[in-house]
Amino acid sequence: MVDAVDWPVEDIPDDNHVLMRAHRVFFREDVLLPSVFRPHGDSMSVDWTRYSTPQDTRNRAPIPDQNAVIRLPVIGIRKTPPLDVRHTPEPENRAHSEVLGLPTEREDLTEIRILLLGFSETVLALPPVDDRLQPAPKQI
Amino acid sequence: MQEVMEWPLLDCDFPEELAEPELDATNWEETSSQFSSRAESVAREELEAEIERLIQTLNLQHVWDSEGGNAYTEDTLNRTIAFLMVQSDWLWDVYGVKAPVPMIGPGPNGTIDLYWKQPAWELLINIPAGSSEPATFYGHNYGSQKIKGSFDPDKVTGGIIEWLML
């Protein structure tokens, strides 16, 4: 058993980026839907690019092959008040960070989700659908 | 928060039967047949396909929403379908304009998102999980013009209709 590591909390510079998984259901063809932004309370989990590659972020998904990875500029988030980004490392994920300040008022949240979408960029596309996962045709 | 322009309501009376729709959308087959009677007024196949895709997505919620916390009800789905039908039919009946079909997605906290991404504008409408809450919207033309607010999704809303006609 390895002891859990308490990673130090660091300041995330404005010119850095954060990564987020985007499940297949949040895409129409190549178009990312604003539905991908799903706050828990007033925050949303992301990974800081200093400690995570897009592939690392995808691999943390329960089913990695069902996920793309999007990237958001920290400066873009911070210039969208009242949002902020903080490093909140977890023992098993040093990159873990949070977008904070997501509004709980629905009108404002609807606006914020479109603004976040505006500067999101897909950096790891969805893997092609694997036909081998489909049910085998019945034998006649 | 960015500054948001006031969006004028259309200067016309809404037909009463559309402003207070008596649509029973508790069953998708029923809804589909009601919809069929006005098939020329909307991009029916596209809209049906989008709704079917949403139903499949919601049925697979346990697969994609690994972080949990969201539950989608049939009532929210039915109100979404009813909203789309009322707006589409009204737009056709009054203006002869075919409504653009939104991309429909599972929104946060049991809500449903209707998202239009057009070359000249983008609009997000969020249908609430609770029937007593208003729908919320935000849209912009990629420039200085923005709309933001709330409305009763059971009624035709001039600002939204006008936006869909751009």
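Good morning. In this predicted model, 21 residues of chain A are in contact with 23 residues of chain B. On the side of chain A that touches chain B, helix α3 of chain A, residues 106-118, gives the most, with 7 residues. Sorted by class, that side of chain A has 9 nonpolar, 5 polar and 7 charged residues.

Let me stay with this helix for a moment.

One residue of the helix deserves attention. I114(A) has its place in helix α3 of chain A. Is I114(A) buried or exposed? I114(A) is buried, because 20 other C-beta atoms lie within 10 Å, and 20 is the number at which a residue counts as buried. Which residues does I114(A) touch, if those up to four places away in sequence are not counted? They are P34(A) in its own chain, and E122(B), L124(B) and Y138(B) in chain B. I114(A) can also be related to F37(A): 77 residues separate the two in sequence, while their C-alpha atoms are 9.2 Å apart in space.

I turn now to chain B. Chain B has 6 helices and 5 strands. Read from the N terminus, its elements follow the order α-α-α-α-α-β-β-β-β-β-α. Of the 166 residues in chain B, 35% are buried. Among contacts in chain B with a separation of 6 or more, 55% are between residues 24 or more positions apart.

Next, the sheet. The 5 strands form an open sheet in the order β1-β2-β3-β4-β5 of chain B, and the pairing is antiparallel. At the edges are β1 (103-106) and β5 (146-151), each of which pairs on one side only. On average, neighbouring strands of this sheet are turned by 15 degrees against each other, direction ignored.

Consider the individual pairings. Strand β1(B) is joined by 4 bridges to β2(B), residues 112-117, and the two run antiparallel. I104(B) has L114(B) in β2(B) as its bridge partner, and P106(B) stands opposite I112(B). Between these two strands the hairpin has 5 residues, and there N109(B) takes a positive phi near 55 degrees. From β2(B) to β3(B) there are 6 bridges, again with the strands antiparallel. D113(B) has N126(B) in β3(B) as its bridge partner. The hairpin formed by β2(B) and β3(B) has 4 residues between the strands.

A helix of chain B also meets this sheet. Helix α5(B) lies across β2 and β3 of chain B, at about 135 degrees to β3(B). How does its length compare with expectation? At 1.5 Å a residue, its 22 residues, 74-95, should span 32 Å, and the end C-alpha atoms are 31 Å apart, which agrees. Just after α5(B), G96(B) takes a positive phi of about 65 degrees.

Finally, the nonpolar core. The largest one has 61 residues, and V18(A) and A22(A) touch the most other members. Helix α5(B) gives the most to this core, with 9 residues. Thank you for your attention.

Key:
Residues are numbered from 1 along each chain as its sequence is written. Chains are lettered from A and ligands numbered from 1 in the order in which they are written. This is a predicted model: local features need pLDDT of at least 70, side-chain atom pairs count only at pLDDT 80 or more; totals for chains, interfaces and linings use all residues. The expected span of a helix is 1.5 Å times one less than its number of residues. Two residues are in contact if their C-beta atoms, placed from the backbone, lie within 7 Å. Ala, Val, Leu, Ile, Met, Phe, Trp, Tyr, Cys and Pro count as nonpolar, Asp, Glu, Lys and Arg as charged, and the others, Gly among them, as polar. A nonpolar core is a set of buried Ala, Val, Leu, Ile, Met, Phe, Trp, Tyr and Cys residues joined through C-beta atoms within 7 Å. A residue is buried if 20 or more other C-beta atoms lie within 10 Å of its own, exposed if 12 or fewer, and partly exposed in between; C-beta atoms are placed from the backbone. Two strands pair if DSSP finds at least two bridges between them. Axes are lines fitted to C-alpha atoms, for helices over the stretch in contact, and angles run from 0 to 180 degrees between N-to-C directions.
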